[in-house]
4 protein chains.
Amino acid sequence: MLIKANKTVVGGIIPPMVTPLLSDNLSLDIKGVNNLLEHLIAGGVHGVFVLGTTGESTSLSYKTREQLINESCKIVNSRIPVFVGITDTSIEESLQLASMAKKAGASYVVAAPPYYYGLGQEELYKYYWRLADSLPLPLFLYNMPSHTKINIDERTVVRLSEHPNIVGLKDSSANTVYFQSLCYLLKSKPDFSLIVGPEEITAETILMGGKGGVNGGANMFPKLYVALYNAAIAKDLARIEVLQSLVMDITTSIYTLGSYGSSYLKGLKGALATLGIIQAHIAPPFSCFDEKEMNKVVKNIKRIEKEIIKLL
Amino acid sequence: MLIKANKTVVGGIIPPMVTPLLSDNLSLDIKGVNNLLEHLIAGGVHGVFVLGTTGESTSLSYKTREQLINESCKIVNSRIPVFVGITDTSIEESLQLASMAKKAGASYVVAAPPYYYGLGQEELYKYYWRLADSLPLPLFLYNMPSHTKINIDERTVVRLSEHPNIVGLKDSSANTVYFQSLCYLLKSKPDFSLIVGPEEITAETILMGGKGGVNGGANMFPKLYVALYNAAIAKDLARIEVLQSLVMDITTSIYTLGSYGSSYLKGLKGALATLGIIQAHIAPPFSCFDEKEMNKVVKNIKRIEKEIIKLL
Amino acid sequence: MLIKANKTVVGGIIPPMVTPLLSDNLSLDIKGVNNLLEHLIAGGVHGVFVLGTTGESTSLSYKTREQLINESCKIVNSRIPVFVGITDTSIEESLQLASMAKKAGASYVVAAPPYYYGLGQEELYKYYWRLADSLPLPLFLYNMPSHTKINIDERTVVRLSEHPNIVGLKDSSANTVYFQSLCYLLKSKPDFSLIVGPEEITAETILMGGKGGVNGGANMFPKLYVALYNAAIAKDLARIEVLQSLVMDITTSIYTLGSYGSSYLKGLKGALATLGIIQAHIAPPFSCFDEKEMNKVVKNIKRIEKEIIKLL
Amino acid sequence: MLIKANKTVVGGIIPPMVTPLLSDNLSLDIKGVNNLLEHLIAGGVHGVFVLGTTGESTSLSYKTREQLINESCKIVNSRIPVFVGITDTSIEESLQLASMAKKAGASYVVAAPPYYYGLGQEELYKYYWRLADSLPLPLFLYNMPSHTKINIDERTVVRLSEHPNIVGLKDSSANTVYFQSLCYLLKSKPDFSLIVGPEEITAETILMGGKGGVNGGANMFPKLYVALYNAAIAKDLARIEVLQSLVMDITTSIYTLGSYGSSYLKGLKGALATLGIIQAHIAPPFSCFDEKEMNKVVKNIKRIEKEIIKLL
């Protein structure tokens, strides 16, 4: 069934919501979900993206994913659009998640490429076209080559932008040559939203034509990222410089404390716990920072919090 | 709950069973499953591995996976051991699949590393240890770096071999320096089974200490691979040479006809359809070979079939 | 021998000069070098970088590299600074090239990591420190992970920035999260120049703290890239938008016409030949575009040239 | 100029000779070269390969490479064939090295793909064909994807095997599916020599059709590897098992002591110094093991030496 999507331009700060978990590292912490969503909405975010990479979607059971979709949509209660990640290796499971999202009242679904097998671009194109044909909600493509082993190449995105149900792309590649190419090639389609993942480059990409940021740090400090977005939209370069410095402080003092790529998630959840918003529990295959690293998180996030309060 | 596994050495030809699908490319073809399993058992295989990479496990819905586990175990009816793939990004889903496998009467479970996030070796070690602690069946590790983005390093395997519930490793890396290192490092644990995936190297690895092959081609010609295994166990190098030549004929004339890595699966299912065993349907994100490539499969597989019949 | 470098901030548009070759695809076309350098200087560039990746340095014999260093410095005659690539797998050859550069009157040397063996970050750090200790000219680090297989990690750059003879970094990774991290971490060292390679992101990185661009397209249209640089320095976002569009036109209609990564070089040299500046010959392992692709280059570059003339 | 090579099958143990260096880590230790070559020849090796990856070729100056070619050929004095590595990013430098090799009396040249730029298979094919056309000595292809970023695909090898001056391939990929495919596809050309690099898989590949091993460990214990080769040629599986165990002991206790890939080279040169054959100096970008790691090398190599003496 083909839904003609209303291709209003989507943009702004859309935090990839972390998934609050209880101490078994598996069960949803519903109180935490409520705290976090109210914190985000109070912070002025333009939408929220549940079940993304930052949301540990792939580490959660399907039961927990369903619960999170339902609880989030209920709490948000249409105050802001909810984006639901349906990335999966099985198209049936993706469609099932999309169906839940639709029923719960979400606005968009987001899908990275199926990520077990290696695909060719033509295979990827056909996959997305078929998926979009069957979805009950408009689809954002999600480029995440470091995790999926495939880049959604520029030409593939351009071809897919022809589908009435595909309304944008979230790019987490950090490769801004790629992002600039998409901005240029899709100039004639201003209703196709190009949004980046990394908060470190949200400002610069908005200055060059991007529409927003799916920024993990906005879980902690939604106002900071909204302010950065507003400065970028207003082309206020002086303001950007001040705010960008805080964003980079977070990157360099919270996200990179451990030995592995998982430091980002561990730092983010550790900081959220320090700020009293949720608990720090993380689903397997990861686990929380140990005490030594947490001490650093605590010290750094308190310093950063003070600076942000001073500024906003 | 920790189960003390009976570490009998496991080995032989254990085909990674393709999953027969109906023409919607999604639903299980139960008649096909029956045909294929009877074909395999009649061919003398030493076990069967369902829900592996060749079995398109990650492309199937969980409902279909459950159905396949139940149907396979019922059909096999304890005539040979059933290995069930429980590879998943969510540990809860892996445990759920394992529980189904146990209930259905399977003998072993097989798990590749969680494959969405990038992991460090220490994270991987802890993940597997925790998984093995909770499993109701003995576990085979499954090394598949091209798909999971992580190699289970030699030292990690050695450490994991200490777990009473981890009984072996299936290596699909095709890197025989790695495999030889494992054979050497684990010499003192002869009950820890080291098995390779690629059929092209089953003979040579058995000659050097390997215990068997999880060979995709055995779906088509189980007798060929069993004969190769027997020749390798008997150290009959002349016989190996003859049989290996047929194995390589399959590799070079069936598995590599298309443009992408998916050619292996497309060729294999196309050949099985030609041989009248199952239909050729493939789950998204892939699709069957088109007519032009299928014509080549038909021509080649008929030639190869004749040669095999002559020989066995 | 340790030279205390004069760490004046280096920046602006510094084209990575293509190396004009004669029809044997090996010998230096000295007339071409002269034409191209005069074209660049007339175009207002702030420096020129010979023997970089765009300059096919690694494909040239050492005799040709020496000749190019000497001819370039003679022609430039101190009108602009000359940067000389000394990237090599042998430290002795790097030092030899640097010695030639010094003698010829060049201003800086540029070195990517040794690119045959895989290195660890600590090994890379020690290598660069030792190299910088022995160089007769100030050194720019050159991050080019796609070609060298190693990223010069942020912490390694910060540590190397302590060396009195290391004055900046050219980043060709296209990863602006990395670049933003460096801008932030090195804020206290404003005389350490951070410059990007890709022309597609020169404007945005300058807006965020970058110092310039080593842009291949400036070989063709130096005035365009200088104008873009000036607009970025002036924070003139409206002007940037207009000029960026032309830059992206070049990227999408000249650099990506063929099947391989070499399309960039083939397109660039083909365009330069069309513009009458040099001949299109390319050193092995590459070769020029064939007629079909060249026809597209000719058509596209003429259209772009007209638009640029209209605008500048 | 096209030389019709005498395609005698080449095989056996052909050690990739380490390059003995003086304490400046750059200059050739001629006495060491003499010691090592006499040690190898006394050990019964079937040839020697200078200027390979183990020989640190790319880290040496061209002057040193020339000196090594000349000294080696003089010392060997036609007692065994000398293979000279001419791998280079510049075809002119490769041809220059080949010319020196020819003049010095070497028998073969060996070339891995040019390794700075990324190439396509068609570009690689044309490059090798052109190179082989101009070489004064027969050429071995050298597959080394971990270092060169490109695999010489099976079809490319088959096409290149048609060139009268290309006589074999040394495969250091450790991927024996690839190697088996080549053995099968080139069965009709028994004079095209397929040889592996890694000593861990020399025995098994010879059992399956390979012709020999370019084994680094043969620098230390040439007799061990020659004995292993002889056992494999004789299909003496019991003897292989005993010898293979020693080979794996070296791999696991000498080559993998440090943190990086360079551990292989550091362990090998450290062991050779312990055995009194050469000094342990290594050219940049690497350096020797420090004392702590060297103590382990010393202890392990002495234990292994005793076991080898007992056995041979």
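## How four chains pair up

The side chains of A:Glu123 and B:Lys266 meet in a salt bridge, with N and O 2.9 Å apart; a salt bridge here is a side-chain nitrogen of Lys or Arg within 4 Å of a carboxyl oxygen of Asp or Glu. Keep in mind that this is a predicted model, where local features need pLDDT of at least 70, side-chain atom pairs count only at pLDDT 80 or more, and totals for chains, interfaces and linings use all residues. Residues are numbered from 1 along each chain as its sequence is written, chains are lettered from A and ligands numbered from 1 in the order in which they are written, and side-chain values use heavy atoms, with hydrogens and water left out.

**Where chain A meets chain B**

- The count for this pair, chain A and chain B, is two salt bridges.
- Polar contacts turn up too: 18 residue pairs across the interface of chain A and chain B, both residues at pLDDT 80 or more. A polar contact is a pair of N or O atoms within 3.5 Å; within protein, one must be able to donate a hydrogen and the other to accept it, and residues adjacent in sequence count only if both atoms are side-chain atoms.
- On the side of chain A that touches chain B, the elements giving two or more residues are helix 2 (62-76), helix 3 (91-104), helix 4 (121-134) and helix 5 (145-148) of chain A. Helices (H or I, at least four residues) and strands (E, at least two) are DSSP runs, numbered from the N terminus.
- Helix 4 of chain A has the largest share of that side, with five residues.
- Sorted by type, the residues on that side of chain A are 16 nonpolar, 15 polar and 10 charged. Here Ala, Val, Leu, Ile, Met, Phe, Trp, Tyr, Cys and Pro count as nonpolar, Asp, Glu, Lys and Arg as charged, and the others, Gly among them, as polar.
- Chain A puts 41 residues into the contact and chain B puts in 42 residues, where contact means heavy atoms within 4.5 Å.
- Together, chain A and chain B bury about 3600 Å², 57% of it on carbon and sulfur atoms. Buried area is the accessible area (1.4 Å probe) that two parts lose on being put together, summed over both.

**Where chain D meets chain C**

- Chain D and chain C each give 42 residues to their contact.
- Between them, chain D and chain C bury about 3600 Å², with 57% on carbon and sulfur atoms.
- The salt bridges between chain D and chain C number two, and D:Lys266 forms one with C:Glu123, the closest N and O atoms being 2.9 Å apart.
- Helix 4 of chain D gives the most to the side of chain D that touches chain C, with five residues.

- Chain B and chain C do not touch, and their nearest C-alpha atoms are 14 Å apart.
- Chain A and chain D have no contact either, with their closest C-alpha atoms 14 Å apart.
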